[in-house]
Amino acid sequence: MKRFYISDNHFAHRNIISYCNRPFETVHEMDKFMIDKWNSVVDKDDLVIHGGDFALSSRDYYTHLWFKVLNGEKILVKGNHDGSTRWLEMIGVKVYPNYRCSEDNTFVIHDPSSIEIQAIERYDMTLLYGHIHDKVLNNPPLNSFNICVEHMDYTPKTIQQIRNLSNRTA
């Protein structure tokens, strides 16, 4: 089993295309592209830790379908667009306000402004965050990475792949 990370897909969010200059003409094209990228690297027995804002709204019927067609077991760190996650939990998605993966020594949050960064640095963990999309943090904490899809070629990545990306913020 491999562990992958990604954040801020915003499935079904038409306006995110223009907000973040995503290279898609339609929301359908964007959604299909992200599903294909996900399933090209994640196997059925892998784990994907999603850093929040999976879709425009978790109350949307299609959100449940996307979770079902995407490979792997899923953990969702609840983002500001995720709303009620009751239906996701009913189909087996584990939902947390943040998530610590001891195997990778990572701490995953949605909004990097919502945490005391010094606490993460004290414990020498790798901080993975979303929410800011194609933006960059001012004075980013050491050993931190933006895992928004715009920085990850819309593809879930392992912690080793993330550390090798050019979006390293430290």
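Trainee: Which side chains does the 2.8 Å polar contact join?
Mentor: The side chains of Thr126 and Asn143. Keep in mind that this is a predicted model.

Trainee: Where is Thr126 placed?
Mentor: In strand E7, which covers residues 126-129.

Trainee: Buried or exposed?
Mentor: Thr126 counts as buried, because its relative accessibility is 1% and the cut-off for buried is under 20%.

Trainee: What is Thr126 in contact with, leaving aside neighbours within four places in sequence?
Mentor: Asn143 is on that list, together with Asn105, Thr106, Phe107, Phe145, Ile159 and Arg163.

Trainee: Switching to the largest nonpolar core. Which residues touch the most other members?
Mentor: Phe11, Trp38 and Phe54, out of 24 residues in that core.

Trainee: And which helices and strands each supply at least two residues of it?
Mentor: Strand E1 (3-6) does, as do helices H1 (16-19), H2 (27-41) and H3 (61-69). H2 gives the largest share, four residues.

Trainee: Now the surface. Which residues make the nonpolar patch of about 310 Å²?
Mentor: Trp87, Met90 and Ile91. Met90 is in helix H4, residues 86-90.

Trainee: Why does Met90 count as exposed?
Mentor: Because its relative accessibility is 55%, and exposed means over 50%.

Conventions:
Residues are numbered from 1 along each chain as its sequence is written. This is a predicted model: local features need pLDDT of at least 70, side-chain atom pairs count only at pLDDT 80 or more; totals for chains, interfaces and linings use all residues. Side-chain values use heavy atoms; hydrogens and water are left out. Patches are made of residues with over 30% relative accessible area and no salt bridge: like charges are joined within 9 Å, nonpolar side chains (Val, Leu, Ile, Met, Phe, Trp, Tyr) within 5 Å. Accessible areas come from the Shrake-Rupley method with a 1.4 Å probe; for residues, only the protein chains shown count as cover. A salt bridge is a side-chain nitrogen of Lys or Arg within 4 Å of a carboxyl oxygen of Asp or Glu. Buried means under 20% relative accessible area, exposed over 50%, partly exposed in between (1.4 Å probe, protein chains only). A polar contact is a pair of N or O atoms within 3.5 Å; within protein, one must be able to donate a hydrogen and the other to accept it, and residues adjacent in sequence count only if both atoms are side-chain atoms. Contact means heavy atoms within 4.5 Å. A nonpolar core is a set of buried Ala, Val, Leu, Ile, Met, Phe, Trp, Tyr and Cys residues joined through side-chain atoms within 4.5 Å.
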